[in-house]
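I opened this model to look up its domains, its core and the surroundings of its ligand. My entries are below.

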Amino acid sequence: MSHLFYQTSQRRPLLDQARGVYMWDVDGKRYLDGSSGAMVCNIGHSNPNVLDAMRRQMEKSTFGYRLHFETEASEQLAARTAALCPEGMNKVFFVSGGSEAVESAIKLARQHALAIGQAGRWRVISRSPSYHGCTLGALAVTGYTPLTDPFAPMMREMPKIPAPRAYLDGLDPTDPATGAHYAAMLETEILAQGPGSVLAFIVEPIGGASTGALVPPVGYMQAVQEICRRYGVLLILDEVMTGAGRTGRFLGLEHWNLSPDIVVLSKGFAAGYVPLGAIAARDDLVGAVLEGGGFLHGFTYAGNPLACAAGGAVIDEIARLDLVQNAAVMGAALRHRLDALMTRHPIIGDVRGQGLLLAFELMADPVTKAPLPSALNAHQRLVDIAYEMGLIVYSRRTRDGVEGDHIMVCPPLIVTEAHLDEIADTLDAALT
Ligand code: PMP
């Protein structure tokens, strides 16, 4: 009998070891980690240089409370994070995960509004579907009703606009009119809410698990940034899943040269070695908050030296192994293999993504894009069959959380062509 509990009563085997892209359970069965956990382990498992950096830090100190000490590890990681963000975003605040980072971004935005005399601004617009975390604040901006509905009475409901799923709406994502069409929904929502009440818009530059690696239509991201600027609405980019090289750029925002107000990081930022997240924000924004009395926010474990040392070593390894470039090259090669699977298996109705943030969607009819019946639970069945065959992939219900099945195929950024063949061959067998 296990005393642990997680989301469901389903039990998984005990993990014994993990190295590179492979994991072994205690019975010696090997799994290829085709989803990097939950799009986390970007540099692979048990990287010796990260383990060394952690060991070195542990021998020096493992904890220093942030009100008593800064550490070299946290100062260095903050400086390196700022250097990887757009110009003018030089202020970094550490936390222990993605939900905490989203909470921090929202609270920083609110305190900024107060500091500059705009107390009326509190609404944070987001998209549906979307996932920004499981704490109540992050959940309030999550567009995924099966997760949010039970807690609705306990949260201040935040406005949602539709995610730009051109493939379902029969629109051409390469046509700038499509990007403009979806971006206009943000402006309409800001006007409907009253511009003076809108604090921020939070969005993933490339949709993660909620939309199944949804790349926005041409012009969309630039247009939403422009609309935010026009109405004095802060742009918060949730790069929890897209950051740290996953999409073939260090940050997803680089695909469009965006300059947001706050960037949210976690997952690949520490690549699964430690719990770590961060927000990076514009200097003037943080300056106003600090001058206005300080940031009323903070977690006990925030910026602890062990987490920061691991985070710094992860950034070193991403650079040393050229993993951003490898994500772009291997991403294109994996995309090619997934496209080939789509031609062989008509149950695949769409393949999408960027770099190694890739997904395919199972559908009843690839032409009409009709979803499979929810009762089939097709996405979970495919994940379970692949798991039996020794391949880990990650699935989610898409279409507003109630129908539609997509499978994320997002291996560590260290993958080689041989790993991609193994992934594609196993998926082929599982789909068959
Ligand atoms: N934002 C995004 C885009 C995410 O994908 C996730 C996690 N899936 C989160 C926030 C929350 O991160 P965490 O689970 O570390 O709290």
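**Ground rules.** I am working with a predicted model, in which local features need pLDDT of at least 70 and side-chain atom pairs count only at pLDDT 80 or more, while totals for chains, interfaces and linings use all residues. I number residues from 1 along each chain as its sequence is written.

**Domains.** I find the protein chain divided into domain 1 (15–47 + 322–431) and domain 2 (51–320); the bounds come from an automatic or database domain assignment. The C-alpha centres of domain 1 and domain 2 lie 25 Å apart.

I looked up the contact between them, counting two residues as in contact if their C-beta atoms, placed from the backbone, lie within 7 Å. On that basis 32 residues of domain 1 are in contact with 33 residues of domain 2. On the side of domain 1 that touches domain 2, α12 gives the most, with five residues. Helices here are DSSP runs of H or I with at least four residues, strands are runs of E with at least two, and both are numbered from the N terminus. By class, I note 15 nonpolar, 11 polar and six charged residues on that side of domain 1. Nonpolar means Ala, Val, Leu, Ile, Met, Phe, Trp, Tyr, Cys and Pro, charged means Asp, Glu, Lys and Arg, and the others, Gly among them, are polar.

**Core.** I take a nonpolar core as a set of buried Ala, Val, Leu, Ile, Met, Phe, Trp, Tyr and Cys residues joined through C-beta atoms within 7 Å. Buried requires 20 or more other C-beta atoms within 10 Å of a residue's own, with C-beta atoms placed from the backbone. The largest such core has 126 residues, and Phe201, Ile236, Val264, Ile279 and Ala310 have the most contacts inside it. Helix α11 (residues 305–320) gives the most to this core, nine residues. The core draws at least three residues from each of domain 1 and domain 2.

I then checked Val264: leaving aside neighbours within four places in sequence, its contacts include Ala101, Ile236, Val240 and Ile279.

**Thr211.** I located Thr211 in the loop between β7 (198–203) and α9 (220–230). Thr211 counts as buried because 28 other C-beta atoms lie within 10 Å. Thr211 and Arg396 are 185 residues apart in sequence, yet 8.5 Å apart in space, C-alpha to C-alpha.

**Ligand.** I list 15 residues around the ligand, the closest being Gly97, Gly98, Ser99, Gly133 and Val240; a residue qualifies if its C-beta atom, placed from the backbone, lies within 6 Å. Helix α4 (residues 98–115) provides the largest share of this shell, three residues. By class, the shell has six nonpolar, seven polar and two charged residues.

Definitions and conventions:
A residue is buried if 20 or more other C-beta atoms lie within 10 Å of its own, exposed if 12 or fewer, and partly exposed in between; C-beta atoms are placed from the backbone.
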